[in-house]
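Please read the numbered points with the sequence and the model open.

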Amino acid sequence: MTRAKQAYRLPRWRFAVICCALAALAATLMGRLVLLQVTDGGQGAVFLREQGALRTVRTAEIPVYRGLIEDRNGTPLAVSSPVVSLWANPQQLKDSPRLDDLAARLSLDAVALRDKLRFYGDKQFMYLARHQTPDFARQVLRENFPGVRGEREYRRYYPAGEVTAQLLGLTNVDGRGIAGVELAFEDWLQGIPGKKRFIKDLHGDAVRDFGVIEEPRPGKALALSLDLRLQYAQHRELQRAMRETGATAGSAITLDAWTGEVLAVSNYPVFNPNSRDALDFSGARNRALTDAYEPGSTIKTLTLVAALESGQFHIDSIIDTAPGRIRVGAKMLHDPRDYGEISVSKVIEKSSQVGVTKIAQAVGHAAILDVLYRFGLGESTGTGFPGERAGQLPELARWSDIEKVTLAFGYGLTATPIQLARAYAILANGGVRRPLTLLRQNPNSLPAGQQVIDPEVARDVLEVLDRVTEPGGTATLAQVPGFSVGGKTGTVHKVGVGGYLDDQYVALFVGVAPMSAPRYVTAILIDQPRGDHYGGGLAAAPVYSRITEEVLRIRNSQPDQSDRGALLAASGGGQ
Amino acid sequence: MNQLPLSTAPAIVLLSAGLLVSALAVVASTHHVREGYARLQDLELRRWELHEQYTRLLLEVNTWAAPHRITQIASETLSMEAPDLSLSQVIAE
């Protein structure tokens, strides 16, 4: 043994070298481990953790609902309801033998589905059917088609359907407002989706949640100034008028003159906002706000304001309208018959062209134009409604004689029905102009109004408007049983190829009620009524009457004209 | 080598026991978190379902209570009509 040892004795250094080499290897591995696990140098611990997270941790959006839109009494007008959108991972689904089954389940065309899957074959996401009812989606998901999953979303429903369609507007499939109130108040209604982080498994399903990183913030509710009952009534009466007159389009709008709130606004044609399949955009327009027409004789009321302000006339001043026609420049203007000597009030009651011409010539077009400006024509009403038009007032360098006069009849300018209603609301509100609004106002904190005419003038003009609906006026059909109402008719020739058309009209009526405490202003516009009843007094005034009857009932106005009602009101109430 | 003092022995036993307890506590609290998380997910699902139900009922109520339906039932089924003004009395301002 010792001999052998002596014969071959390992040198001591070899042992040392091996030990050192092994120790160095171990140290290298340890060092690398520390580098990867503890320190953060370039590709160290932080880098690795990030890379790991990239492959497993996902951030998901937490869907939020859009704010509710309600009417002034809290009745919902637009509601976001949970739905489920079914989607698929085409890579997993495209070769599935159950494709036909799935297509049948979703009522899709199997061939089209196959084409679509082939088209998106290298992608990982494809919508199959959006906005399905949760019950239906659950049934489909329970069948475990490969790669088919559901995503929670919200869909907008409008319980009142076509009745409020044009005012509320629409949202697109992703829940963003694209028209009407939905668009105007998008920032308010839109919720901010939350975010949460979770670890996903191979199939993309969550296995562990890290919690919410951003709290979802649902959209805020919006209370409109609209009164849904009134809106229904107005809508019904307008549709009925459209059927009866065979008109191509029409609008009605009711304002609360004291607060500037829009209580109801309806239009024809209409559309159903809950079914997007047959969406007709001509029906989507809120014509009462977006379409400007020549306002015709309804402007004579404002001419009367200019006349009274000039100091040259009061409502009982006498004007000689004989012989029932008057020449202005090259044009002859006619009254239906020779009214002879009549008061200024009668000129408006009868809507006498000759009388108004004489008034316009006396006060001058500049004074009339000034009144039109002060009554907000040619200017937006302040509702903020998308697409609202401001109409146009003439801006002429040189005024011909006839242009100076036709301005007083409401030709040569354009206005929307809401602008006309606002102009009359200023009269009803004692000459104070308020910005109009689509939102419910707190009656104690109304925005400041602006006194644009003398309250005395406003009162005198209302008195004349009251007479227009009385026997002998042009709008006896505007009367409402039990109430005194006032207003002014308008019948305008439509403009077509080659100028004004002889056989196509726009019928207008703008009215104020009740006259004992003027508050509710309703403007009616009927575009192209057919038949003999085309004028404002015959086509539009009855619609005004029926709508105003509902307005006064729904808003609990006190009758001021029925014998008993008046008597009891005067005596301070009955038992 | 210097020997550990005899008095450290109970300390070691105590620390080991403490270690064991804390290890079990970690296991227990992890379990609690899992349970809590499962409950949270259940509740979130429930909230979603309740919201779903709420909006469905809201829409349903408003469909049944739509003014035109009320008007129709009142006039056709119940033969009601708005009272004539001559029959009404204002009893207070």
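**Notes on the predicted model**

1. The buried residues of helix α18 (residues 401–409) of chain A are Lys404(A), Val405(A), Thr406(A), Leu407(A), Ala408(A) and Phe409(A). A residue is called buried if 20 or more other C-beta atoms lie within 10 Å of its own, exposed if 12 or fewer, and partly exposed in between, with C-beta atoms placed from the backbone. The cover over the buried residues of α18(A) includes α14 (300–310), β12 (325–328), α16 (353–363) and α17 (365–374) of chain A.

2. Some conventions apply throughout. The model is predicted: local features need pLDDT of at least 70, side-chain atom pairs count only at pLDDT 80 or more, and totals for chains, interfaces and linings use all residues. Residues are numbered from 1 along each chain as its sequence is written, while chains are lettered from A and ligands numbered from 1 in the order in which they are written.

3. The domain assignment, whose bounds come from an automatic or database source, divides chain A into domain 1 (60–223) and domain 2 (228–272 + 287–561). The C-alpha centres of domain 1 and domain 2 of chain A are 47 Å apart. Between the two, 18 residues of domain 1 of chain A are in contact with 15 residues of domain 2 of chain A; contact requires C-beta atoms, placed from the backbone, within 7 Å. On the side of domain 1 of chain A that touches domain 2 of chain A, the elements giving two or more residues are α8 (165–168) and α9 (180–184) of chain A. Of these, α9(A) gives the most, with four residues. By class, that side of domain 1 of chain A has 10 nonpolar, five polar and three charged residues. In this classification Ala, Val, Leu, Ile, Met, Phe, Trp, Tyr, Cys and Pro are nonpolar, Asp, Glu, Lys and Arg are charged, and the others, Gly among them, are polar.

4. Which residues have the most contacts inside the largest nonpolar core? They are Ala421(A), Tyr424(A), Ile524(A) and Ala540(A), in a core of 118 residues. Such a core is a set of buried Ala, Val, Leu, Ile, Met, Phe, Trp, Tyr and Cys residues joined through C-beta atoms within 7 Å. Helix α19 (residues 417–428) of chain A gives the most to this core, with nine residues. The core draws at least three residues from each of domain 1 and domain 2 of chain A. Leaving aside residues up to four places away in sequence, Ala421(A) touches Ile253(A), Leu255(A), Val510(A), Val521(A), Thr522(A) and Ala523(A). A second, separate core of 13 residues includes Leu93(A), Leu102(A), Leu113(A) and Leu117(A).

5. Ile253(A) also has a bridge partner in β10(A), namely Val265(A). Strand β9 (residues 249–256) of chain A pairs with β10(A) in the antiparallel sense over seven bridges; pairing requires at least two DSSP bridges between the strands. Four residues lie between the strands of this hairpin, in which Gly260(A) takes a positive phi near 80 degrees. Eight of the eight residues of strand β10 (residues 261–268) of chain A are buried, so β10(A) is largely enclosed by the rest of the structure.

6. Most residues other than glycine have a negative phi, and most peptide bonds are trans. A cis peptide bond joins Ala322(A) and Pro323(A), with omega about 5 degrees; Pro323(A) is in the loop between β11 (318–320) and β12 of chain A. Another cis bond joins Ala513(A) and Pro514(A), with omega about -20 degrees. Ser107(A), although not a glycine, has a positive phi of about 55 degrees, and Ser107(A) counts as exposed because it has 7 C-beta neighbours inside 10 Å.

7. Chain B has two helices and zero strands. Its radius of gyration is 37 Å, whereas a compact globule of 93 residues would have one near 12 Å; the radius is taken over C-alpha atoms, and the globule rule is 2.2 Å times the number of residues to the power 0.38. The C-alpha trace of chain B spans about 120 × 35 × 15 Å along its principal axes. Of the 93 residues of chain B, 1% count as buried.
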